[in-house]
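Work through the exercises below with the structure in view. Try each task before reading its solution.

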Amino acid sequence: MSLPHPRELARTLEFIAEVCNQRRVGTLGSATSLRAFCAEWRFPGASTITKADADATWAHVRTIETMWDADRDTAAVMANRVFRECDARPHLVRHDGLDWHLHGLPAGAPIADAIAVDAAMAFVDLVRVDDTARCKRCGDARCERMFFDLSRNRSRRFCSTTCQSRTNVAAFRARAGQL
Ligand SMILES: [Zn+2]
Ligand SMILES: [Zn+2]
């Protein structure tokens, strides 16, 4: 079975969705929490994250969320803006057992910029194949978590089976109440 997108792209989109989700619900608020989060996701440079890095990341999170919710044309314009503002320098690298892949910034660049440029590069791939619609929010209005829909026909509506069954139960109760 082949996924509609390479694993690396899906992982990047899951990472940036999770940064935004955790920031929104308040579990990412400090440099310490961002350090732990990035270490967990094996994001390069996690161990040296400072408060300034965290603050710069939160500023980019707003852009990334807007890009996530945007239509294809807007996402394209926003990705270009991120490349300009972060001075992106795409180059191919092979390291740590990973085959050739694209890095958007030189090693040692600010982590906030690295996150934003990674997000923008992921959106470039989605814009090119006209698949930005896979960037979704949970259909449960109390949740609204961002998630990347990897389903074959782009039909997934909820971030988790928990949200799906909660919504199904609510719809069932509403129907039952109308009888
Ligand atoms: Zn790499
Ligand atoms: Zn949800």
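**Exercise 1.** Decide whether Asp118 is buried, partly exposed or exposed.

Solution. The model is predicted, and the count used here is computed from it. Step one: find the residue; Asp118 is in helix H5. Step two: take the count of other C-beta atoms within 10 Å of Asp118, which is 22. Step three: apply the cut-off, by which a residue with 20 or more such atoms is buried. Asp118 is therefore buried. Step four: look for its partners. Leaving out residues up to four places away in sequence, Asp118 touches Thr12 and Gly104. Ala31, in contrast, is 87 residues from Asp118 in sequence and 20 Å from it in space, C-alpha to C-alpha.

**Exercise 2.** Describe how helices H3 and H4 are placed against each other.

Solution. Start with the ranges: H3 covers residues 51–69 and H4 covers residues 72–85. Their axes come within 9 Å and cross at roughly 155 degrees. Angles over 145 degrees count as roughly antiparallel, and H3 and H4 are therefore roughly antiparallel to each other. The handedness of this crossing is left-handed. Now name the residues that meet: Thr63, Thr66 and Met67 from H3, and Ala75, Met78, Ala79 and Val82 from H4. Sorted by class, this contact has five nonpolar residues, two polar ones and no charged ones.

**Exercise 3.** Which residues of H4 and H5 meet, and into which classes do they divide?

Solution. First the geometry: the axes of H4 and H5 are 9 Å apart, at an angle of about 145 degrees. The crossing of H4 and H5 is left-handed. On the H4 side the residues are Arg72, Ala75, Ala76, Ala79, Val82 and Phe83. On the H5 side they are Ala116, Val117, Ala120, Phe123, Val124 and Val127. Eleven of the residues in this contact are nonpolar, none is polar and one is charged.

**Exercise 4.** Which elements give two or more residues to the largest nonpolar core, and which gives the most?

Solution. The largest nonpolar core has 40 residues, and Ile16, Ala116 and Ala119 have the most contacts inside it. Two or more residues come from each of H1 (7–25), H2 (31–40), H3, H4, H5 (111–128) and strand E4 (146–148). H5 gives the most, with eleven residues. In soluble globular proteins, nonpolar side chains tend to be buried together.

**Exercise 5.** How many helices and strands does the protein chain have, and what share of its residues is buried?

Solution. The protein chain has six helices and four strands. From the N terminus their order is α-α-α-α-β-β-α-β-β-α. Of its 179 residues, 28% count as buried. Among contacts with a separation of 6 or more, 50% join residues 24 or more positions apart.

Notes. Residues numbered from 1 in each chain as written. Chains lettered and ligands numbered in written order. Predicted model: local features only at pLDDT ≥ 70, side-chain atom pairs only at ≥ 80, totals over all residues. Axes fitted to C-alpha atoms, helices over the stretch in contact; angles between N-to-C directions. Parallel < 35°, antiparallel > 145°, perpendicular 65-115°, else oblique. Left-handed = near helix turned anticlockwise from the far one by under 90°. Contact = placed C-beta atoms within 7 Å. Nonpolar A, V, L, I, M, F, W, Y, C, P; charged D, E, K, R; others polar. Core = buried A, V, L, I, M, F, W, Y, C linked by C-beta atoms within 7 Å. Buried ≥ 20, exposed ≤ 12 C-beta atoms within 10 Å, placed from the backbone.
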